[in-house]
Amino acid sequence: MFRTRLTLAVGALVCLALPVARPAPPIAVNQFLELQALVKPNKSEDKWAEIPWQASLWEARKQAAAQGKPILLWEMDGHPLGCT
Amino acid sequence: MVKLASEDFIPVTGDDWYQRRREDAEGEFFRKVADQGPRKGAGGGTRQGIYCFTAAGKLLAYKNAQDADVMREVVERALADWKKLPADERDPGAVKVGDAGKPDKRYHRAPPADGLILNVYTRILERDGKGDYRKGSCDTAGGDLSARDHLWLTKGEWQALLPKDVKAGDHFAMPAAVAQRITRYHLVDDTRGEPPFWSAEQVRKAEMRWTVEEATAATVRLRLDGEALLATDADPKKAERGYEARLLGYLEYDPAKKVVTRFDVLALGDHWGESELTRGARAGRQPLGVAFALSKGDKPADTVPPQAARDFGAYLGK
């Protein structure tokens, strides 16, 4: 009896540790827009995107020289506007 | 910070993977600036960070930080130093910058001519008590935010989505090359860093079918239904990393103007696992959403290449 309980307990723990197979349900047509909006960035988390970032360093350099401004470069491994 | 960066600077972003490698005028200029700071890229290492510098290439400030307060301090200090420079280093037109010349094609990416750019957003989700989706949370700073990427389609690829003489009720499959690009390179969890992409064999299922909902002289509207299973093992139960999702999408086309006016796709399902650069995944299978939407392509930021375009040939299926 004790062994059975122990086996069930261990089995339950193993099940909890493993990913549970759960096939994805179809996306409801009438929820499409709401779900799409949920995934997209909202305004509060998209504040930095309001900055008019250039994507070309050389173009930024030309504009900086012409306008008499310094350059602010945000350089990351994985493009800041294209990855994460 | 937004006002400061927008009004007092020329703001620009870059992917260091390209910038530190490119052998052309832009790459040389970047390295000249970066070499004045602490990160000189020894051994081909990263030079990532926030840089403030002049058009002539004089470094004003550098910091490798993403904290907004730290960034503000660095940028304000750089601006103060900028204002101390002599007029011949900072007046409009004082520094002459010519054309960059030919870019190093190995490390220069441009959107396909007359192609389509889709914005791609990825967000971790969770289910509430009723089973409905809501925004998810995780222990990694920023991991709950919507991540970004771009999907590029060539002119031939998007035109192939609009066969001639279609009528309402017709069905056809998504071209295999586009289905592969979506699944291998965009149904990924990039919410905590640079994601690993799926190999061709890890695409266990990529079924996508278009249905023509309307086809008139004024508009063609298609609906996309699909299923995808990505897994590092042929048996998903044994896979260390995977994503099992349903897809739903809509494409609208204006036949008179010959332009795509809408291209929205949503993938929803459970993702599990992590990688070297995406540590901190939630335990077990957890909901992940990926939303695609047509980009206007009218801002420089829209031209940022897909993360997977570093291997451009593979990305385009060549």
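User: How many residues does the contact take from chain A and from chain B?
Analyst: This is a predicted model. In it, the contact takes 53 residues from chain A and 79 residues from chain B.

User: And by class, what is on the side of chain B that touches chain A?
Analyst: That side has 41 nonpolar residues. The rest are 20 charged and 18 polar residues.

User: Which strands of the two chains are joined by bridges?
Analyst: Strand E1 of chain A, residues 71-76, is joined to strand E2 of chain B, residues 49-53. There are 5 bridges, and the two strands run antiparallel.

User: Which residue stands opposite A:Leu72?
Analyst: B:Cys52, in E2(B).

User: What about chain A by itself, which pattern does it follow?
Analyst: Along the sequence it reads α-α-α-β. That is 3 helices and 1 strand. Chain A has 84 residues, and buried residues make up 36% of them.

User: What pLDDT does chain A average?
Analyst: The average is 78. In chain A, 69% of the residues score at least 70.

User: Where is the pLDDT below 50?
Analyst: Over residues 1-19 of chain A. Beyond near neighbours in sequence, that stretch has 3 contacts in the model.

User: Now helix H2 of chain A. Which residues are buried?
Analyst: A:Gln36, A:Leu38 and A:Val39, in a helix that covers residues 32-39.

User: Why do they line one face of the helix?
Analyst: Look down the axis of H2(A): the buried residues fall within an arc of 155 degrees, so they line one face.

User: And what is on the face turned away from the buried side?
Analyst: Exposed residues: A:Leu33, A:Glu34 and A:Ala37.

User: What do the buried residues of H2(A) pack against?
Analyst: Strands of chain B. They are E4, E5 (133-135), E11 and E12.

User: How many bridges join E4(B) to E12(B)?
Analyst: There are 7, and the two strands run antiparallel. In this pair, B:Ile124 stands opposite B:Leu288 of E12(B).

User: What about E11(B) and E12(B), how many bridges there?
Analyst: Also 7 bridges, with the strands antiparallel. E11 covers residues 259-272 of chain B. B:Ala267 stands opposite B:Val290 in E12(B).

User: Zoom out. What does the secondary structure of chain B come to?
Analyst: Chain B has 8 helices and 12 strands. Of its 318 residues, 40% count as buried. Its C-alpha atoms fill a box of roughly 70 × 50 × 35 Å along the principal axes.

User: What share of the contacts in chain B comes from residues 24 or more positions apart?
Analyst: 59%, counting contacts with a separation of 6 or more.

User: Backbone angles next. What phi does B:Asp114 have?
Analyst: A positive phi of about 60 degrees, although B:Asp114 is not a glycine. Its place is in the loop between helix H5 (87-90) and strand E4 (116-127) of chain B.

User: Is B:Asp114 buried or exposed?
Analyst: B:Asp114 counts as exposed, because it has 10 C-beta neighbours inside 10 Å. The cut-off for exposed is 12 or fewer.

User: And B:Asp165, where is its place?
Analyst: In the loop between helix H6 (155-159) and strand E7 (171-173) of chain B. B:Asp165 has a positive phi of about 55 degrees and is not a glycine.

User: Why does B:Asp165 count as exposed?
Analyst: Because B:Asp165 has 6 C-beta neighbours inside 10 Å.

Terms used:
Residues numbered from 1 in each chain as written. Chains lettered and ligands numbered in written order. Predicted model: local features only at pLDDT ≥ 70, side-chain atom pairs only at ≥ 80, totals over all residues. Contact = placed C-beta atoms within 7 Å. Nonpolar A, V, L, I, M, F, W, Y, C, P; charged D, E, K, R; others polar. Pairing = 2+ DSSP bridges. Helix = DSSP H or I, 4+ residues; strand = E, 2+ residues; numbered from the N terminus. pLDDT = per-residue confidence, 0-100. Buried ≥ 20, exposed ≤ 12 C-beta atoms within 10 Å, placed from the backbone. Arc of directions from axis to C-beta.
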